[in-house]
Structure formats: C-alpha cells, structure tokens
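Open the model in your viewer and keep the sequence panel beside it. Each stop below tells you what to select and what to look for there.

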Amino acid sequence: MRRRSAASRPGRPVVATPHVLGRTTGLFYCAGGFAVLLGALVEPARSGWLFFVAAVAGLTGAAVLGWGTRLPHQAFHVLVAAGTGLITLAVVAAPAPLTGLALAGIYTFVAIDVFYYFRGLPALAQLALLLLTATAATTARGADPLTAAAFLVVLVAVAVAIGDLAARASSAASDPLTGLLNRRSFERAVEVAVADAERTGAPVVLALLDVDGFKEVNDSRGHSGGDELLRSLAVALRAHLPEEAVVARLGGDEFAVLLTRTSEQDALPLLEQARRRAGHPTSLGAAALLPHEAVSEVSRRADAALYRAKQLGRDRTVLADAASGHLARDLAASLASADGGGLRVVLQPLVDVGTAEVLAVEALLRWDHPARGAVPPCEFVQVAERSGLVGALGAFALRSAVREAVALRAHRPGLVLTVNASGHELLDDGYAAHLLAELASAGLPPAALVLEVTESVVEGSAAAALRTLESLRTSGVRVAVDDFGAGYSTFSRLTEMPADFLKLDGALLAAASASPRHRRLFEAALNVGAALGMDVVAEGVETAEQAALLAELGCRYGQGYFYSRPAPAEQLLAQWSERGAPLATAPGAASA
C-alpha cells in the first residue's frame, strides 16, 4: 500500500500542520458555539435547538483544542462537514428569521477552512457542500435570491483568498526542489511535536538521512542528475512513510523525518523500509525523544547516530539507544553547568625513568555522576562520541587542563601538559585555532602542550586529521601517538603520522616483564621509535621491576601507578613539595 507524507501530500497544504488544524478547528467550534448561544438568548423559550447546537459545538471545540493534534487528517473532513451541518441547523432552527440570517455569518468559518485545510477535490467537495447548504438555509429563512447570491459570493471570495494565502505560505515553507518541508519549517514542526510530547507523554522519533555517494552522482550525472535523484528520493519517502510522518529536505543531500506518536520499536522498521525503498543507497540515524529532552539534544543524538551509520559502512539505519541517550542528556547537563556537574580533570605525571623526576603531566577526565557515582571514562567518552558531545567534552577537558597546568607551572616552570584528542575533534576545521587560542589566553606557549592521538583515530579520520596535526605542529604544539601496540597496530602507519612521541601501551610492558619473546618485541618498538626520531614513553609502569626493565632497555620516559596515580593539581604540588625533587626538562621542551 502506498502512503503519503502528511507534510507534503497533495491533499493538504504544508501550513496545515496537525497543531494548526487542531487549534484552528477547536477555536472556530468554540466561537461558533458561543455565537449560537448568544442567538439563543434572544428568545430562550423558543431556542431549544440553538442551545443544543451551542452545547455540541462548545464541547466539540474543547475536545479538539485538547486532543486535535492526535487526530488523523481525515477526521478534519468530518469536523468541517459536521460544522457546516451544525450551522445549517442553527440557521433553520432559529426562532426569528433575522436571528437565523445573522447566524449564517458563521458559515464564514467554514469558508476559511476549505482551502486552508484541503487541496484539490476534497477542498472543492467541502466548498460545494458549504454553498449548497448556505443557499438552502438562507433562502429558507426568507433571503431573496440576490441577497443569497451576494452572500455566496462573499463565502467564495473568502475561501479563495484564504486558499491563495495558504498556498503562498506553503511555498515559503517548502523546499523548491522536492516540495518537502524546508529546514525552518521542519524545525518548527519538531518544536511543536516536542512540546506536545512534554504535555502528553506521546513518543516522538526524529531521523536524519543522507544520500550515500551523492558527490559521485553529481560528478557522473551532472547537477541535473543529482537534482533528479533528490526528487525521486522525496517521492519515495512520501510514498513509503506513514501519513502522519513529517518529511523535510534540510539542504544538500540531507533529509529529515519526524514520527509523532510512534515508539522507537515501531519507528525503526518503518524508517528502514522507507530507506531501503528509496532507490539509492542512503544512511539513516534516528533518536527517540527522552523525557524532558530538549530539541537540540534529540537532534544531536540523531545526527550522531547518522555519523555512526556512515562509520559502520553506510547504507544502513542506526537507532540511538535510550540508555546512552539518558547518559548523554546528563553529560550535556554537566557540560552546561558552571561547575562542570561532576566533570573534572586529574593529572598523571610522566617521569624520567632514571631519576623519577616529573617532566610532564597528562590530563585525564573523570565524571562523578550525581546518581550513578563514578562513570568509567571509556563509557562516557563513547557516549560523547555517539551523541555529538565529544567536541564540548574535549573543550572542557582542554580548558580545565590548561587551568591546572598554569597552577603547576607557577611552581615548576617548564612543565609540559599532554591532552588527548579524538578523531571527531581533529575533523573540526576550527579545532586547531580553538586550541591555540586557549593556550594563548592562559599565557602558555604552544610548546608547553603535547597532543595525544591514537593511530586508529588518525587512520579513521584520514587526511583531514593529518592536516590538523600538521597545522598544530607548525605552530609549535607537539604530537604523541598514544596506546601504540594496543589492538591492531602497524609500523607503516607511524611513517605517515606527524608525531614527536611514541607512547607504548601498558600491555606491551606487562608482557615484556613476563616473557623473553615479548621483551624482544618491546625492544623492537623502542628501536622503531628511535629510528623515526620519536621519543618513546612506556605507559602502565606499575612495579619496581618494570621500572628497572625500562632503565635496562634504555627507555628514558615512563608513566604509571608506580610513579604516581592521577591526582588534582593541588595534590600533586603537595606530593612534590614533600619530596623536594627538582623538575627536569621534558624532551624537546627547552622553549616551553
């Protein structure tokens, strides 16, 4: 069965959204019922039918105002026709002809509805019903043919004028290429749906859809071919989504779908079916609205789900899970809080293996959730990446780490700060500028910072991430390859990465301590770093034996619990003050 989108099917103007239909119809019923009540009060003893009409209209209007947004579009055909019938009954049943003719003015409400609510044959059918009943009712109450004809002319003029205004408004609310809603109108529809969901608890699902390989389509078939593909996708989405769905083209090759009063369990197969029948590979990300969630939050989660769909290979649908959505909402609230909402930065020293002197500190994020307590970083960082919060989280970490580093450097000049960066951040065109501006505002030179990235992050982000790293290195910021040896690592990737340091994953050191074969592998990693001109740092140093092994193998730099656990800046200062150890110069940090 073919279905059309409520946002753009031919039977209804774009401006006649469920919210507008419910509000306008409810107001007209209430106003009409009040007008009939006033007419009944002229001769109460003879106006029993008028009181009945007034009561029915008033109760219907109140019900539609309260629940009209839940009604299918077909219900408004019935409501408008029923309104015409109630007005006709009031005109004919009025005790005096003058009262009846005065009440005939309420027909104007129906005239407004006709082309505002409907298009094509349904609109003409409503108009024909209006004109026939208005003619019969007014002539029955004594209006001469010319007077009745003049009244009909007014009704037709009102209907046509309102229809023209609705058509113009629909054009302004539509995407000219596809006829779907445009971005601005879709955002308004989402705001209305979210407000309704907040009031009623009804489920809402927001989905974003991108065309896979659209650039290649434009390159091979020209822009006209790309436009034709977008039009065909719009037709397919209208045809295969439920009637109540709101469909929009946000710009370029990006479409959006809003499903109201549809659970995520029901929405996923609907969206997947529409995506598969689109006639071209597409990627779709969807998110179900959470209780008390803002429009910006659900939109960001849908966008993150779309990004995830592309990461997984494109041509698929990904639904943002509710559990991470709740955590993402809490994380967003913490990031928006002036005090960080439980988010904080701790610092772990990096030392000279031979002397145990502190050379640098690595900033590590921690989150004390108000209800769950400590949330593991691997969990909330992943949530941030999937919900589009990783940029804000990274900015918080950088800002907090720089503030802590400034406090430490006031006592120990030359201390180097290291912070972690995600692939999402490296793809942001403004990331490098923001990072350098943060350093400058704190009075830190670029050489005081080392940016840590994993090789897998750079590989997944490709050329754009490498350009960001090259730009930062040119400015004086140094780069470290983090967690080398964890998972699937290749030496060949190291030759492509603009890096100054190689940080070996703690698992390599743990294995080297227990196996001669792994020890040789660890030595090989040290030699690779030296051959590429990188200073090597061993992570995960937890025992004196491991520290001794590093010294024996000639690995100068180490980091781990054996030297110091992560701690706030003030706690580190207290520890260093007790030890009274001088600060050594970090590798390459003479200018820092």
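## Stop 1: helix H16 and its end

Select Gly 443, which comes after H16 and has a positive phi, near 80 degrees. Bear in mind throughout that this is a predicted model.

Now step back into the helix itself. H16 covers residues 431–442.

Which residues of H16 are buried? Select Tyr 431, Ala 432, Leu 435, Glu 438 and Leu 439. They lie on the same side of H16, because they cover an arc of only 130 degrees around the axis. Turn to the other side of H16, where Ala 433, Ala 440 and Ser 441 are exposed.

## Stop 2: helix H8

Go to H8, residues 183–200. Its 18 residues should span 26 Å at 1.5 Å a residue. The end C-alpha atoms are 25 Å apart, which agrees.

Colour the buried residues of H8: Ser 185, Phe 186, Ala 189, Val 190, Ala 193, Val 194, Asp 196 and Ala 197.

Asp 196 has 11% relative accessibility, under 20%, so it counts as buried.

Then move on to the residue after the helix. H8 is followed by Gly 201, whose phi is positive, near 80 degrees.

## Stop 3

Side chains of opposite charge can pair when their charged atoms come close. How many salt bridges are there? The count comes to 20.

Start with Glu 539 and Lys 503. The closest N and O atoms of this salt bridge are 3.5 Å apart. Glu 539 sits in the loop between strand S13 (535–538) and helix H21 (544–553), and Lys 503 in strand S12 (residues 501–504), so the pair ties together parts that are 36 residues apart in sequence. Glu 539 and Lys 503 are both buried.

Next, pick Glu 552 and Arg 519. Here the closest N and O atoms are 2.6 Å apart. The pair links distant parts of the chain, with Glu 552 in helix H21 and Arg 519 in helix H20 (residues 516–531), 33 residues apart. Glu 552 counts as exposed because its relative accessibility is 56%. Arg 519, at 26%, counts as partly exposed.

Finally, select Glu 272, Arg 275, Arg 276 and Asp 315 together. These four are linked in a network of salt bridges.

## Stop 4: two loops with positive phi

Select Arg 261. Its phi is near 55 degrees, a positive value in a residue other than glycine. Where does Arg 261 lie? Look in the loop between strand S3 (254–260) and helix H10 (264–276). Arg 261 is partly exposed, with a relative accessible area of 30%.

Then jump to Ala 356. This residue is not a glycine either, yet its phi is positive, about 65 degrees. Ala 356 is placed in the loop between strand S6 (343–352) and strand S7 (358–369). With a relative accessibility of 43%, Ala 356 counts as partly exposed.

## Stop 5: the largest cavity

Turn on the cavity display. How many cavities of 30 Å³ or more does a search of the whole structure find? It finds two. Centre on the largest, which holds about 190 Å³ of space.

Its lining has 18 residues. Select the ones nearest the centre: Phe 28, Tyr 29, Gly 83, Ile 87 and Ile 106. Helix H1 (18–40), helix H2 (48–67), helix H3 (73–93) and helix H5 (107–117) each supply at least two lining residues.

Last, colour the lining by residue class. Twelve of the residues are nonpolar, five are polar and one is charged.

Terms used
Residues numbered from 1 in each chain as written. Predicted model: local features only at pLDDT ≥ 70, side-chain atom pairs only at ≥ 80, totals over all residues. Heavy atoms only, no water. 1 Å grid on protein atoms, 1.4 Å probe; cavity = no way out; pocket = protein on both sides within 12 Å on 5 of 7 lines; lining within 4 Å. Points joined across faces, edges and corners; volume = space filled by probe spheres on them. Helix = DSSP H or I, 4+ residues; strand = E, 2+ residues; numbered from the N terminus. Nonpolar A, V, L, I, M, F, W, Y, C, P; charged D, E, K, R; others polar. Expected span 1.5 Å × (residues − 1). Buried < 20%, exposed > 50% of the residue type's maximum accessible area, 1.4 Å probe, protein only. Arc of directions from axis to C-beta. Salt bridge = Lys/Arg side-chain N within 4 Å of Asp/Glu carboxyl O.
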